[in-house]
Amino acid sequence: MSIVTLNVNGTTHEVDVDPSTPLLYVLRNDLGLKGPRFGCGLGQCGTCTVLIDGVAMRSCVMRTSQARGEITTLEGLSKNGNLDPLQQAWIDEQVPQCGFCHNGQLLNARALLDRNPDPSDAEIREAMDGTLCRCMTYYRIQAAIKRAARSTMAAAQGSPTESTEAQVKGAAE
Ligand code: FES
Ligand code: FES
């Protein structure tokens with residue numbers, strides 16, 4: 001056992017663990033962050049994904065001692081009580097079915113939009129390839145990523161987002 005320092009969602013933690021422990025176990029069991037999930041444990045499904053300095057990484061196959069940099073888990077996606085545009089789009093498009101895979105879907109999508117704010121359908125498919133959904137929600141995931149990209153660009157231009165327009169329309173009816 002030894003002390004490992006982790007920076008997670010803007011907070012520094014010191015944990016006393018075997019440094020070879022998979023990061024996923026430490027996040028869930030020592031820090032109580034249940035966003036990242038155990039699926040395959042082999043780096044093949046993506047449900048354990050976290051961001052490290054903005055890059056999507058599979059925490060089930062990463063030693064805790066390798067986790068240098070700022071770690072973002074699903075719990076860290078919303079900021080100051082505001083949902084990330086992807087989380088809002090996931091709600092608007094009613095994406096999840098059982099929901100098990102969506103930690104990985106959301107974080108992988110966040111990494112995509114951070115490096116490519118307006119991805120094409122083909123670019124989305126390529127970036128999301130390998131983040132598995134046994135409920136086959138792939139078309140809704142693609143629609144939600146497109147929606148989040150549009151809403152982020154609209155917000156940057158000071159235009160109302162689709163969610164805002166829908167709320168205004170609903171209130172008027
Ligand atoms: S649980 Fe990590 S990739 Fe499947
Ligand atoms: S929504 Fe069930 S595994 Fe993706």
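Reply: Ten of the 14 residues of H3 are buried, so H3 is largely enclosed by the rest of the structure. A residue counts as buried if 20 or more other C-beta atoms lie within 10 Å of its own, as exposed if 12 or fewer do, and as partly exposed in between, with C-beta atoms placed from the backbone. This is a predicted model, in which local features need pLDDT of at least 70 and side-chain atom pairs count only at pLDDT 80 or more, while totals for chains, interfaces and linings use all residues. Residues are numbered from 1 along each chain as its sequence is written, and chains are lettered from A and ligands numbered from 1 in the order in which they are written.

Me: Which elements do the buried residues of H3 pack against?

Reply: Helices (H or I, at least four residues) and strands (E, at least two) are DSSP runs, numbered from the N terminus. Contact requires C-beta atoms, placed from the backbone, within 7 Å. The buried residues of H3, among them His102, Leu106 and Leu112, pack against strands E3 (49–52) and E4 (55–58) and helices H2 (85–92), H4 and H5 (138–156).

Me: At what angle do the axes of H2 and H3 cross?

Reply: Axes are lines fitted to C-alpha atoms, for helices over the stretch in contact, and angles run from 0 to 180 degrees between N-to-C directions. The axes of H2 and H3 cross at roughly 130 degrees and come within 10 Å. The two helices, H2 and H3, are therefore oblique to each other; angles under 35 degrees count as roughly parallel, over 145 as roughly antiparallel, 65 to 115 as roughly perpendicular and the rest as oblique. Leu86, Gln87 and Trp90 of H2 meet His102, Leu106, Ala109 and Arg110 of H3 in this contact.

Me: How far apart are the axes of H2 and H5?

Reply: The axes of H2 and H5 are 8 Å apart, and the helices pack at an angle of about 130 degrees. That makes H2 oblique to H5. Among the residues making the contact are Leu86 and Trp90 of H2 and Ala148 and Thr152 of H5.

Me: Is Pro117 buried or exposed?

Reply: Pro117 is exposed, with 12 other C-beta atoms within 10 Å. Its place is in the loop between helix H3 (102–115) and helix H4 (121–128). Not counting residues up to four places away in sequence, Pro117 touches Ala149, Thr152 and Met153. Pro117 and Met153 are 36 residues apart in sequence and 8.0 Å apart in space, C-alpha to C-alpha.

How values were computed. Two residues are in contact if their C-beta atoms, placed from the backbone, lie within 7 Å.
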